[in-house]
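Me: Got a model open here and want to go through one of its chains with you. Can you take a look?

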Amino acid sequence: MSREDDPAGAWQRLAALTPARIALGRAGAGLPTREVLRFGLAHAQARDAVHTPLDAEAVQAGIAALGFTPLMAASAAPDRATYLRRPDLGRRLDEASAVALAAAAGDPVDLALVVADGLSARAVHEGAVPLLTALKPALAGSGWRLAPVVVAVQARVALGDAVGALLKARAVAVLIGERPGLSSPDSLGIYLTFDPRPGRSDAERNCLSNVRAAGLKPEPAAFKLHWLIDQALTRRLTGVALKDESDRLLAGPEGVTSITGGARDNPPPSAGEGSRAPDPEQT
Amino acid sequence: MSYRHVVGPRTFVFADLAELMAKASPPRSGDRLAGLAAGSAEECVAARWCLAAVPLSEILARPLIPYEADDVTRLILDTHDAAAFARVSHLTVGDFREFLLTAPSETLAVIAPGVTPEIAAAVSKIMRNQDLILVARKARVVTRLRNTIGLPGTLAVRLQPNHPSDDPAGITAAILDGLAYGCGDACIGINPVSDSVQGLTGLLHLLAELIDRFAIPTQGCVLTHVTTTLEAMNRGVPVDLVFQSIAGTQGANASFGVTLSVLKEAQEAALALKRGTVGDNVMYFETGQGSALSAEAHHGIDQQTLEARAYAVARAFRPLLVNTVVGFIGPEYLYDGKEIIRAGLEDHFCGKLMGVPLGVDVCYTNHAEADQDDMDTLLTLLGAAGVTYVMGVPGADDVMLNYQSTSFHDQLYLREVMGLKRAPEFSEWLARMGLTGPDGALLPGGGAPLLAAAPGLAA
């Protein structure tokens, strides 16, 4: 049947070419009821991802079960409403956490891992342990000295700088819930920073984005992260000067690959790159 | 010079014009984040009383950011039209509000080159939403490239067919869907994932070929950095519209990697291509409250005033399109639906009052306290205010930028409720294609004539 004879079939074929919501049909000027409800459900899931508190005990238990030592921390943002309005507070440790981390620090280590709620606790609930599971053998193989794995609440990416500095780590990797998209409420971002200390800029980090079951899956994400950590420790840097070239080693990566070094803080309409940049994460 | 206002036993003192304007601003999270907001509701209204008494000539005489320190201030003052300003130079801010409510469209057009962003921002702060709508509706700005945008009684739409990996077939599919809904007269504008010249080149050719194939009276645009577009033009790639995000201070523009001179260079390069058919407005700018604070280049000025200054940058380049991306930046700048709605109306008003063809990306992110109902409200208010254009995003869900904007359906709604037509050349094209009837309404049939005319497209 030609397209002229079968526009509905043609639109179905076109709709298969993009995740965008095309060929929805219409009721007068409005959406069909099923599309209104479908959108409403997606938005509800994204909102819940933002506002659901992190189940820190369950996350710690999952991390401990892998053989890592978990440690709790909180940012200076006391609650979600403050966290959303005051990104600066989400980048600082609260006093008690700073004291506890300083007390827990031992000799210098190569790597500190931070698991942070960010803007989607759901992403952490569903994605942090699978990622760490995939990463663990590679970490062991490299023989790096590890700090305890810090589980941080009301946290932005830059909180990792303070954590990494207190734990005397050469590099810090922050696994954090990204700002939920309508179709991706479960997306984890991973930020790697060499020589972490408060005041680092986002141009000094490397980022793996869209880590989730329907995006960049845990195994390839762990592979890329291990590659980036290895490069960062060897070349003693992260950020714009370190391009993610792990694809050359990893045949057929799934999902979206990295945004390297360019991540910034809640980009304005432009992230300096001209167009509105994808803003998967909040730092 | 300080300002003071007495309320009963209490005297409110404002150290300077910047503090007065910031504290007179309707509340929003970005000004609180910057530490500039009024400390109480009473202080905010005291500031408005005080601001209403400030002469416009005093605002002109006291630049908020020094002339020596900022090229946007220099642009504003060096290009100020004193003759146009003479009509209103004797007024206070409070008088100016009443003047605007009374003035006919012709008068607003005459004074526009004399209105500085600080004056527009000041008067907006003492205006209610209905004032912002009423005056903006009278301030028409018409621009042309391959069609005519901004005529009274019209609303244009940017078709925004973004794809998470810039896939040409996926982008084409979304464009066909949007065209079938009668979207695309403002432009067909893609936000690309890749900022490379190669990626840009492929997408620009895709747009040019599609527009040529259907002979659509519209313009294509790939919203990438101006320097990348310049490079593409140097390589002979077809560029209709040059895009750039801009802000209201030199420092914030520098954080975008852009200067006034590079914008000028790009405008001249695009003009030299002579791709317009009915006009030569070749620039497209996006802005948004909070960008200067985000770039740590806000000079202690409130975010709405800085946003208006971005329109002064835009105005200098005779743009076809300018839109504020009003809810994109996040809740630390505009917290909820109420703040987003207010900001959208302010931005539209200030742009139109300054003679800039303002459209609005009516939008929000999932961590803002906003939803589709808030967007419906703002869209409807902007339709009443005569907004130049809005976005057309499939299903309102931008799967590349991860935010919600207005949809193909939303513009149909607004046209039906407000009786708004499309750009005339585009409207005639839709009728020729058999997509719309004599009244401009979509014909049933799901865009079948478009698919019939495009065998093999996006196959």
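Me: Which residues of H11(B) are buried?
Reply: This is a predicted model. In it, the buried residues of H11(B) are B:Gly170, B:Ile171, B:Thr172, B:Ala173, B:Ala174, B:Ile175, B:Leu176, B:Asp177, B:Gly178, B:Leu179 and B:Ala180. That is 11 of its 13 residues, and the helix is mostly covered.

Me: What's its span, first C-alpha to last?
Reply: H11(B) reaches 18 Å, close to the 18 Å expected at 1.5 Å a residue.

Me: And what follows H11(B)?
Reply: B:Gly182, with a positive phi near 75°.

Me: Switching to the interface. How many residues of chain B are in contact with chain A?
Reply: 62 residues of chain B, in contact with 49 residues of chain A. Several elements of chain B supply at least two residues each, among them helix H2 (29-33), strand S8 (242-245) and helix H20 (408-418).

Me: Which one gives the most?
Reply: H11(B), with six residues on the side of chain B that touches chain A.

Me: What's that side made of, by class?
Reply: 28 nonpolar, 27 polar and seven charged residues.

Me: Now chain B overall. How many helices and strands?
Reply: Chain B has 22 helices and 14 strands. The C-alpha trace spans about 75 × 45 × 45 Å along its principal axes.

Me: What share of chain B is buried?
Reply: Buried residues make up 60% of the 459.

Terms used. Residues are numbered from 1 along each chain as its sequence is written. Chains are lettered from A and ligands numbered from 1 in the order in which they are written. This is a predicted model: local features need pLDDT of at least 70, side-chain atom pairs count only at pLDDT 80 or more; totals for chains, interfaces and linings use all residues. Two residues are in contact if their C-beta atoms, placed from the backbone, lie within 7 Å. Helices (H or I, at least four residues) and strands (E, at least two) are DSSP runs, numbered from the N terminus. Ala, Val, Leu, Ile, Met, Phe, Trp, Tyr, Cys and Pro count as nonpolar, Asp, Glu, Lys and Arg as charged, and the others, Gly among them, as polar. A residue is buried if 20 or more other C-beta atoms lie within 10 Å of its own, exposed if 12 or fewer, and partly exposed in between; C-beta atoms are placed from the backbone. The expected span of a helix is 1.5 Å times one less than its number of residues.
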